[in-house]
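Notebook open. I want to go through charges, rings and pockets in turn.

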Amino acid sequence: MANEPLLDVKDLKKHYPVSGGGLLGLKVQALKAVDGVDLQIGKGETFGLVGESGCGKTTLGRCVLRLEEPTSGRVFFEGRDVLACNRKSLRTLRREMQIIFQDPYSSLDPRQTIGRIIGEPLKVHRSLNKNQLQSQLERLLEVVGMLPEHLYRYPHEFSGGQRQRVCVARALALNPKLIIADEPVSALDVSIRAQVLNLLVELQRQFSLTYIFISHDLSVVRHLCDRVAVMYLGRIVELAASAELYSRPLHPYTQALLSAVPVTNPELKRSRIHLEGDVPSPINPPKGCTFHPRCTKREEMCSRSVPHMNELEPDHFVACFYPIKKAGSSWKGADLIEGGLNG
């Protein structure tokens, strides 16, 4: 990562207690939605976060913003400890960190006009008179390609693409530095997706924004993102520059994901990698490497030892024993295993 870090996440975990039922409802297990994530995101970067549904992508993004309280770990935004902020300082900090939700319809209050929806953060965080507020609202709509008269309409009067533009305008209202885009085009028609994606790219240039782009659409991520992290069952298993990850995936899970991406040229055929079984439960994850029950490269040590992230190539990190052995690197178990051998 060449740019100066804007966001630094250290060993972030989010475990949800699962009760055993009965009258007392005592906690008996924990659902490990995010289970020890380390990230550094540079200023002006578009950072992609991909993986199967349920791998913890959205929970990670919400924990960074403290929309969900992490179980443990640290989050630093421009050197400020987000998790140590009290209510007042967190409110100030949130001016600089915003989110675009996946479903534009459910994230907009159907009882409020677009003007009131976009104007709410300005009223809470800015001291503007009526004329200043009106001018700012019209400017925000213009930036996202909408008209001033749209301020007086309600969400149900717009298409999905227009509603998502409203959500983008709301996220931009306070001039943030970081925007977490949680699958912002997955609920839109294919014809509208390109318009919204191009809008996000243009806004990044115009306002020097930093994006965390959460998606399961690997083609979109390749088009937009500078670096990409692949998540599996609450952990990051591979992290690299976008071009490097797509041309040379090292983790068997990443290879399987990329093999499922449709090829536009009908004359080209891609060898599909079919994973065995289903995604394990985050309540009771497998011992050792959590991917090993589905992995075609698994070996005996994978079932008893947890690999941690290693830089196998410049700025290309992977948490897997297979590519390390394949590369012929000299290594010791204690260097590559999180907490040493577990069995």
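I start with the cut-offs for accessibility: a residue is buried under 20% relative accessible area, exposed over 50%, and partly exposed in between. I note that the model is predicted.

**Entry 1: D109 and R111**

I looked up R111. Its relative accessible area is 70%, so R111 is exposed. Its salt-bridge partner is D109, with the closest N and O atoms 3.4 Å apart. I get 24% relative accessibility for D109, so this residue counts as partly exposed.

**Entry 2: D8 and K10**

I went on to D8 and K10. Their side chains meet in a salt bridge, 3.2 Å from N to O. Is D8 buried or exposed? D8 counts as buried, because its relative accessibility is 15%. K10 is at 38%, so K10 counts as partly exposed.

**Entry 3: E313 and R248**

E313 and R248 form a salt bridge at 2.5 Å, N to O. The two residues are 65 residues apart. E313 belongs to strand β11, residues 310-313. R248 sits in the loop between α8 (242-247) and α9 (252-259). R248 has a relative accessible area of 43%, so I log R248 as partly exposed.

**Entry 4: the salt-bridge tally**

How many salt bridges are there by this rule? I count 17. I also found a network of salt bridges, which links K43, E78, R80, E96 and K177.

**Entry 5: rings**

I turned to the aromatic side chains. The structure holds three aromatic pairs. One aromatic cluster is formed by Y232, Y253 and F291. I then looked for a charge over a ring. The charged end of K14 sits over the ring of Y16, 4.9 Å from the ring centre.

**Entry 6: V18**

I stopped at V18, which lies in strand β1, residues 5-19. V18 counts as partly exposed, because its relative accessibility is 22%. I also checked V18 against V28, 10 residues away along the chain. Their C-alpha atoms are separated by 6.2 Å.

**Entry 7: the largest pocket**

Rolling a probe the size of a water molecule over the atoms shows where empty space is left. I find a volume of about 670 Å³ for the largest pocket. Its lining has 32 residues, and the closest to the pocket centre are G36, V37, D38, I236 and M309. Which elements give two or more residues to this lining? I list β1, β2 (27-42) and β10 (235-241). β2 gives the largest share of the lining, seven residues. By class, I have 15 nonpolar, six polar and 11 charged residues in the lining of the largest pocket.

**Entry 8: the second largest pocket**

I moved to the second largest pocket, which holds about 570 Å³ of space. I find 18 residues in its lining, with Q98, E120, P121, H125 and R170 the closest to the centre. The elements that give two or more residues to this lining are β6 (97-100), α3 (114-125) and α5 (160-172). Which of the elements gives the most to the lining of the second largest pocket? I find that α3 does, with five residues. By class, this lining has 10 nonpolar, four polar and four charged residues.

Definitions and conventions. Residues numbered from 1 in each chain as written. Predicted model: local features only at pLDDT ≥ 70, side-chain atom pairs only at ≥ 80, totals over all residues. Heavy atoms only, no water. Helix = DSSP H or I, 4+ residues; strand = E, 2+ residues; numbered from the N terminus. Buried < 20%, exposed > 50% of the residue type's maximum accessible area, 1.4 Å probe, protein only. Salt bridge = Lys/Arg side-chain N within 4 Å of Asp/Glu carboxyl O. Phe/Tyr/Trp six-rings, centres within 6.5 Å; stacked < 30°, edge-to-face > 60°. Lys NZ or Arg CZ within 6 Å of the ring centre and 35° of its normal. 1 Å grid on protein atoms, 1.4 Å probe; cavity = no way out; pocket = protein on both sides within 12 Å on 5 of 7 lines; lining within 4 Å. Points joined across faces, edges and corners; volume = space filled by probe spheres on them. Nonpolar A, V, L, I, M, F, W, Y, C, P; charged D, E, K, R; others polar.
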